[in-house]
Protein chains: 2
Amino acid sequence: MTARIPSADERLPAYARLRDALASRIASGEWGGSDPIPSEARLAHEYGISVGTVRKAVDGLVAEGLLERRQGSGTYLRRPSFDATLFRFFQVRGADGAPASIPTSELILRARTEAPKEAALALGTSDVIGIIRLRSLSDQPVLFEELYIRADRFSGFESLPDSVFGPLLYPLYFERFGVLVKRATDDLSFGRADVQVAARLKLKPGDPLAIIKRTAFDVDGTPVEWRVARGSAAQFHYRSEIG
Amino acid sequence: MTARIPSADERLPAYARLRDALASRIASGEWGGSDPIPSEARLAHEYGISVGTVRKAVDGLVAEGLLERRQGSGTYLRRPSFDATLFRFFQVRGADGAPASIPTSELILRARTEAPKEAALALGTSDVIGIIRLRSLSDQPVLFEELYIRADRFSGFESLPDSVFGPLLYPLYFERFGVLVKRATDDLSFGRADVQVAARLKLKPGDPLAIIKRTAFDVDGTPVEWRVARGSAAQFHYRSEIG
DNA sequence: CGTGATAATTCATATATATGACTGGTTGAC
DNA sequence: GTCAACCAGTCATATATATGAATTATCACG
């Protein structure tokens, strides 16, 4: 069929163009969750290139974490992969030392607003929807979060019923708005609680805080969310792999 | 020549066996710094496999960061790559706001000793050499470090002349002891300065501290160094990519 | 209705080969 | 001597093909 591989290119190698083309078809939601994407042979035929080249393109997307191969079965989307919950930073233990438990999330505010300077800078726009929530483990408030998402990508977010909100936002972003968060940068520092934050987290003003600022990016690299989370520094614990 | 690919295998695919074989030849130091490793065609001939398979093996090592390809020239070792200096966590600025300057390192202690519990656990041995040093930027003490390295991998380290020590240890590890640090895990938490640390860092006891515990691993995955570094939390700043 | 063999499909490994692009040295004209 | 042209070596891209391994669907048999 030698379908045309869309724009994108300026004499990029074939495998790179196919990789990008597939990435954008993935982002478009063309392929639902549980079915495999077309087979390598089929894609090769569709795009008029050889199977080896298709494999190389798919290799790239697998490495990026967008696809997953299953021998004998097919190649599948790999939806979340992205377990970026901030709770992994905070080790909260019950009196018994058990690493409990179910995180809960209390929505305090949700409204279209103007982004604060830092958020606007990260998102490239100040037309945003602001969210404030308090997250707890075992009824202990742990994280105070302030989030801003681009109004142009999340139109209607303010009027979503409270019931659709679970503890995790990224699945919601994808299911309701087709925004697939693929990557994020975290920025950690330490500071001290002001009166408002201290009250929410049941700390004393001036108590040490861990401050996590995150910018989350879409599949195509657009920043879609900026957030700042604050939690007691005493419980803070971060683990990172380098190399 | 169909050289025998060494032990390793239990019916692993050819490319995986070559990958491992090459990794061990790299670790052995067989190939010096500035010369390329044998060409793909040559390796294919040596091991009696096809060029495509060699490429796949090399691909893996490139992805791991051990090798680097240069089109038209050859495939080279990629020695350090590993810029893991702890200073990237601490933003120290002069009065003018300039992000100065040259890090210096004052060696306070260096001796064969018994590892503290946490270090022994990470290293799998308590026979270690301990190092204590104070690291400064622009004459401001910034980091107080306590390091432990395996005595079996660094025999003779205690008696090295002070003159060979630069600000960075990992290059020294490699050049003097053939230990190539390839990977590390950092563990960040928050604490408060005790009297000793406070004195070294010119802080007050009880001042907030950022605590970084690091385990560094050799190419073959053996833990070779454990360290704990402490610095003022006020200056601490960490940036991480996830996804 | 289950169950077990069979077949079809799909990714995984491997080979052989051709062409292009880039690098670094050599050669030769000026 | 300088510089351009050339050339050999090396990785990069791409094709075509064959075989193996894992999964899934099908279908006949009891």
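**From the DNA side outwards**

Author: α3(B) gives the most to the surface near DNA strand C, with three residues. Bear in mind as we go that this is a predicted model.

So who else is around that strand? There are 21 residues around DNA strand C, and Pro13(B), Ala14(B), Ser50(B), Gly52(B) and Gly72(B) come nearest. Sort the residues near DNA strand C by class and you get seven nonpolar, 12 polar and two charged.

Now stay with the helices on the chain B side. The axes of α1(B) and α3(B) come within 8 Å, crossing at roughly 50°. With that angle, α1(B) counts as oblique to α3(B). As for handedness, the crossing of α1(B) past α3(B) is right-handed. On the α1(B) side, the contact uses Ala14(B), Tyr15(B), Leu18(B), Arg19(B), Leu22(B) and Ala23(B), while α3(B) brings Thr53(B), Val54(B), Lys56(B), Ala57(B), Gly60(B) and Leu61(B). By class, that helix contact has eight nonpolar, two polar and two charged residues. Notice that Ala14(B) turns up again: it is in the contact with α3(B), and it is also one of the residues that come nearest to DNA strand C.

Then there's the hairpin. β1(B), residues 67-70, runs antiparallel to β2(B), and four bridges join them. To pick one pair, Arg69(B) has Thr75(B) in β2(B) as its bridge partner. Three residues lie between the two strands of this hairpin, and in the turn Gly72(B) has a positive phi of about 85°. That glycine is worth a click, as Gly72(B) is listed among the nearest residues to DNA strand C and also among the closest to DNA strand D.

DNA strand D is surrounded by 22 residues, the closest being Pro13(A), Ala14(A), Gly52(A), Gly72(A) and Gly72(B). Two or more residues each come from α1 (14-27) and α3 (51-64) of chain A, and from α2 (40-47) and β2 (74-77) of chain B. Here α3(A) gives the most, with three residues. The class tally near DNA strand D reads seven nonpolar, 12 polar and three charged.

Next stop, the place where the chains touch each other. Chain A puts 23 residues into the contact and chain B puts in 22. On the chain A side, β6 (183-192), β7 (208-217) and β9 (237-242) each supply at least two residues. β6(A) gives the most to that side, with eight residues. By class, the chain A side has 12 nonpolar, five polar and six charged residues.

Strand pairing crosses between the chains too. β6(A) and β9(B) run antiparallel and are joined by six bridges, and within that pairing Asp187(A) has Arg239(B) as its bridge partner.

One is an open sheet of seven strands, paired antiparallel, in the order β3(A)-β4(A)-β5(A)-β8(A)-β7(A)-β6(A)-β9(B). β3 (103-114) of chain A and β9 (237-242) of chain B are its edge strands, each pairing on one side only. The twist in that sheet averages 15° from one strand to the next.

The other open sheet also has seven strands and antiparallel pairing, and it reads β9(A)-β6(B)-β7(B)-β8(B)-β5(B)-β4(B)-β3(B). Its edges are β9 of chain A and β3 (103-114) of chain B; each has a single partner strand, so one side of each has no neighbour in the sheet. Here, the average twist from one strand to the next is 15°. Inside this sheet, 10 bridges join β6(B) to β7 (residues 208-217) of chain B, running antiparallel, with Ser189(B) partnered by Ile211(B) in β7(B).

Conventions:
Residues numbered from 1 in each chain as written. Chains lettered and ligands numbered in written order. Predicted model: local features only at pLDDT ≥ 70, side-chain atom pairs only at ≥ 80, totals over all residues. Near = placed C-beta within 6 Å. Nonpolar A, V, L, I, M, F, W, Y, C, P; charged D, E, K, R; others polar. Contact = placed C-beta atoms within 7 Å. Axes fitted to C-alpha atoms, helices over the stretch in contact; angles between N-to-C directions. Parallel < 35°, antiparallel > 145°, perpendicular 65-115°, else oblique. Left-handed = near helix turned anticlockwise from the far one by under 90°. Pairing = 2+ DSSP bridges.
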